[in-house]
Amino acid sequence: MTTNPRQPRLLPVPAVALWSDQQVRALPLWIGPDGIYHEGTENRDADGQLWPQVRGPQTGAPQYAVLNPLKQCQAMEQLLCQVGMGPATRTEHGLLWVLPRPTGSLDDPEYDWDQGVTTTEPPVCLFHARVSAHQCPRLSTRGPVAVYIREAELVAVDGTYYPPPPTQARPIKTVLPIDAPDTRLMVVDHLVRRLRAATPVDITDRTLARGALPCNRRTRKKAR
């Protein structure tokens, strides 16, 4: 009698991950009185920030280390779980975040929650927190730090800055305050939040996640 080998459990791919068949494209740009723009349909958020276009289907292999800028914007702006794109877990201690553990080196010092920790990582729901910690390369390699956050202010944008004429300088990758005038000369890749007032949580505690439901679960409509 032969038995079939046990199949590995397939985990959900984080919604903010870019797929190998997708491309992030910034179309040819022009500089006008109100900043940079390109012809055709533009991806601008409510604050007028210009975002790149994402072309291609969600097929191929998931690129866990690369964020889809449009999905990242949606999750960060609306405080959605980065895996399921439903509401992130919120308790009396705040919203749930899972971040890579610092190495404690000069280049990667321990988190200073009094000063605030800036991140481009969206929050998570409790159900998907362990999925995020398992599949994100930085989290699985360095280990996760899970915290509930009371203050998560949008403070900056991360992207490519295009110096205006007559400057001949090349575009540069940089982070600018979200209300800085120079953001009109930037194609934004990520929103940045500053996290303060943290309460640690052990997401490896199975009793904690007991009864937790997926943030993106579909609710059944009651029969009339």
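Modeller: Gln 49 touches Asn 43, Arg 44, Val 157, Ile 178, Thr 183 and Val 188, leaving aside residues up to four places away in sequence. The model is a predicted one.

Biologist: What makes Asn 43 a contact of Gln 49?

Modeller: A contact needs heavy atoms within 4.5 Å. Asn 43 is among the residues that Gln 49 touches.

Biologist: Where is Gln 49, and is Gln 49 buried or exposed?

Modeller: Gln 49 sits in the loop between strand 5 (43-44) and strand 6. Its relative accessible area is 3%, and buried means under 20%. Therefore Gln 49 counts as buried.

Biologist: How do you know whether Thr 183 is buried or exposed?

Modeller: The same cut-off of 20% applies. Thr 183 has a relative accessible area of 9%, so Thr 183 is buried. Thr 183 belongs to the loop between strand 13 (172-177) and strand 14. Its contacts beyond four places in sequence are Gln 49, Val 157, Leu 176, Pro 177 and Ile 178.

Biologist: What does the chain contain in helices and strands, and how much of the chain is buried?

Modeller: The chain has 4 helices and 14 strands. Of its 224 residues, 41% count as buried. The C-alpha atoms fill a box of roughly 75 × 45 × 45 Å along the principal axes. Among contacts with a separation of 6 or more, 73% join residues 24 or more positions apart.

Biologist: What makes a set of residues a nonpolar core?

Modeller: The members must be buried, must come from a list of nonpolar residue types, and must be joined through side-chain atoms within 4.5 Å. The largest such core has 24 residues, and Trp 97, Ile 149, Met 186, Leu 191 and Leu 195 touch the most other members.

Biologist: Which elements give two or more residues to this core?

Modeller: They are strand 6 (50-51), helix 1 (69-78), strand 10 (94-100), strand 12 (144-161) and strand 14 (186-200). Strand 12 gives the most, 6 residues. Another core of 17 residues lies apart from this one, with Cys 81, Val 83, Leu 96 and Cys 136 among its members.

Biologist: What does Ile 149 touch?

Modeller: Beyond four places in sequence, Ile 149 touches His 93, Gly 94, Leu 95, Trp 97, Trp 113, Leu 195, Arg 196, Ala 197 and Ala 198.

Biologist: How do you know how many disulfides to count?

Modeller: The rule asks for two cysteine sulfur atoms within 2.5 Å. For Cys 73, the closest cysteine sulfur is in Cys 81, 17 Å away, which is too far for a bond. For Cys 81, the nearest cysteine sulfur is that of Cys 215, at 3.9 Å, and Cys 81 is in no disulfide. The count comes to 0 disulfides.

Biologist: Are Cys 73 and Cys 81 buried or exposed?

Modeller: Cys 73 is at 9% relative accessibility, so Cys 73 counts as buried. Cys 81 has a relative accessible area of 0% and is buried too.

Biologist: What sets Met 85 apart in its phi, and is Met 85 buried or exposed?

Modeller: Met 85 has a positive phi of about 60 degrees although it is not a glycine. Met 85 is in the loop between helix 1 and strand 9 (90-91). At 18% relative accessibility Met 85 falls under the 20% cut-off, so Met 85 counts as buried.

How values were computed. Residues are numbered from 1 along each chain as its sequence is written. This is a predicted model: local features need pLDDT of at least 70, side-chain atom pairs count only at pLDDT 80 or more; totals for chains, interfaces and linings use all residues. Side-chain values use heavy atoms; hydrogens and water are left out. Buried means under 20% relative accessible area, exposed over 50%, partly exposed in between (1.4 Å probe, protein chains only).
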